[in-house]
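Dear colleague,

Please find the structure below. My notes on it follow.

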Amino acid sequence: MAKVDFEIPKLKKYPEIPVVVEGTMAHSSPYVAAEKFQVQLDFPGGNGEFQEGWKEKAIEKMGELLGKYRSLQVFLDSCVKCGACTDKCHYFLGTGDPKNMPVARQDLFRAVYRRYFTFAGKYFPKLVGAVDLTEDVIKEWYSYFHQCSQCRRCSVYCPYGIDTAEISMAAREVLDHIGFGQKYCNEIIGKVYKIGNNLGLPERALADTLEGLEEDLEDETGIAVKVPLDVKGADILLVTPSADFFAEPHVDGLMGYAKVFHEAGVSWTVSSHASEAANFGMFIGSYENMQRVAIRIREAALDLGVKRIIFGECGHAWRVAYSFLNTLAGPWDFLDQNYPIPQHICEFTHNLIQDDKLTFDKSRNDDLVITFHDSCNVARASRMGDMPGGQFTIPRDILKAVCNNFHDMAPETIHEHTFCCGGGGGLLTDDLMEIRVKGMVPRAQALQDVVDEYGVTNLVAICAICKSQFAKVLPYYGMEMDMIMSLHQVLSNAIILTGQIVDDDDEAAEDAA
Amino acid sequence: MSFLTIFFALLFYVATFSLVAGLAYRIRLYIKTPAPLKIPTTPAPVTRTGVALRLFREVVFFESLFKATLWTWLFGWMFHFGMFLVLLRHLRYFINPEWFWAPLVWPLVGLVQPFGLYAGFAMLAGLGGLLVRRFAVDRVRYISAPSDFIWLFWLMGIAASGLIMSFILHTDIVQLKEFTLGLMSLSPGELPVDLPLLIHLGLVAVLMALFPYSKLLHAVGIFFSPTRNQVDNPREKRHLAAWAAKYDDTRGSRDSAEGQ
Ligand code: SF4
Ligand code: SF4
């Protein structure tokens, strides 16, 4: 844990709604993307300076977006300031900064919309809270629209379904077009264009990594479990977040998928061209960039001649895959229509468990007491299985099939009510550490409660961002970084592969000793 | 016709025009503006019928607000449901019992009268609760603009002036009905000159005129909200807006050679 120059919030016994303190987080702002990163995404550079004509350009862009997105137009018009969303954002709950209340965040954008696009705002700005677009307003946008993880929690409770994430995306799109892109997101998207994944892991290194994993798997199980790369004619293309290739605990999840594929007896492959499930194009609200990233998956699928596409554990990647991939990169008429396109690895595993195709020794997880974190984008922006809510039951069913001790966190903090880990939406960067730590307050609190009450030892997530964020931030709250586990890591512990020789005697001996 | 009658008749014509034209413009804008991506807040219904039910629950019971905060839900629902009954009660001013279809609805209008009478109090109480919340809760106070307070007072004025006429200073409703029915056939009868009535009508006319250009528009917005009105079926059915479809032809040409 690095040295910190801010106060780490104390977890309380009961969740509390903080008192409004203006300006608490006004200083929080991520690094601006340098010109060379901007141009890769077809955005103008500026290196953090205002360019000639920025204001006209910003207003023009707003107008264009209003014409392209019904969500934006309807959301900006419909808010009645009822206040229902004011205590729903984890960033407000963790900071008390009123501009982190969803409605107030929207209002930063809405005030400008009113001023330039509505009758009331043009002629009676004071009355309806309309403001001129100034450099200070842009700086405020840059700060507070990067304190929103686009988790959609606010949209659950708003009587009109207003989703602040949509406003944040639009605002970031406007900012990108006047040279104020965010370094973290835009640099990463550039890497995907150049190399194929967020981490900039080239094909050669990827091949080596996967070989290493195969060795580990064989050492562990005595069985040659493969992790294939760029195999033409494989049935299944696995698209997984690149963190799965080496970050902890992500990689243990990847080994879990490999075991499941092995047991299912299917042929599968990873692609070096589409070696990334994440799609940061969504975070910056850029349809063009989101599509440019997504299309690589289509190209890889065509090139390798696969029949199915399966996504690994990642929240926002699953949103883009489940909700947008058909739109962005479809139609998928060349794939096998008997399977969902795309399919989530949890759906795949769950089906096998239902059909009794996998063997588990649950007792191997008896040293763990597990709870499950619903990642926002899986919970509120996608689905698994045929029924609404499958995204909640399927991962829990899998966990209960592979371990004996499972306890959910408080009902108002899971399922559709789940709290963000604090690092989503393009905020998983060190320059936003303070907001990441403070934004985890509600989640950490709910977690602490089940630790105290049920002796929960581990938190399981199915999102690459959640896993990285928890590993880094849990220690700020006095919890261990390896408390966070991949879902398929827990499965991997318990699964017994066909032909695997299980050394029960050894364990019995250890137990006796 | 007296000056007042002419003034109020004109006021209502202008207000009605503004209401209808403004709403038509907004609704057209919403219909015209595409929703390029599937963004229902999930878990979401997987069928059209399911979506209709979701919207029904949202409009009639304020389902999401109920999940959010009990007090706001209670006051908000009291106010809106009260207003709904009051509006039904007012139908009697716009239906001539001698019209051939009137017998179909007249008994209902009769039935709702006693409820509508007391619903006015529910309306006022609900508005009062919302107002107190706007002052008392620091978060809600922070997000309130002057117009948010003004609308609350405005609606309270409408409710209060109506209740005064119902319970204290009765107005000549037979004559009033001649005015309203006349309005609809473009030959208004003489308007009774009573202060509470004039206030009541004046406030209502302005509200009607400003409805489409203010936050009152939320009544329409809910039906067009993509997070609530979309079916959750993106894998089964390709969803494509016209402007997004144009990209289909050019996509992928830039990066396909790299990284292989
Ligand atoms: S989307 Fe999430 S992070 Fe953004 S304002 Fe809403 S609750 Fe807060
Ligand atoms: S819940 Fe919706 S309508 Fe109410 S203040 Fe928040 S965004 Fe506005």
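Accessible areas come from the Shrake-Rupley method with a 1.4 Å probe, and for residues only the protein chains shown count as cover. On that basis chain A exposes about 17,600 Å², of which carbon and sulfur atoms supply 51%.

This is a predicted model, in which local features need pLDDT of at least 70 and side-chain atom pairs count only at pLDDT 80 or more, while totals for chains, interfaces and linings use all residues. Residues are numbered from 1 along each chain as its sequence is written, chains are lettered from A and ligands numbered from 1 in the order in which they are written, and side-chain values use heavy atoms, with hydrogens and water left out.

Chain A contains 23 helices and seven strands (DSSP runs: H or I of at least four residues for helices, E of at least two for strands, numbered from the N terminus). Its radius of gyration is 23 Å, close to the 24 Å that the globule rule gives for 513 residues, so chain A is as compact as a globular protein of that length (taken over C-alpha atoms; the rule is 2.2 Å times the number of residues to the power 0.38). Of those 513 residues, 66% count as buried (under 20% relative accessible area, 1.4 Å probe, protein chains only).

In chain B, the buried residues of helix α9, including L198(B), H200(B) and M208(B), pack against α1 (3-32), α4 (70-90), α7 (146-167) and α8 (173-184) of that chain (contact means heavy atoms within 4.5 Å).

With kind regards

How values were computed. Buried means under 20% relative accessible area, exposed over 50%, partly exposed in between (1.4 Å probe, protein chains only).
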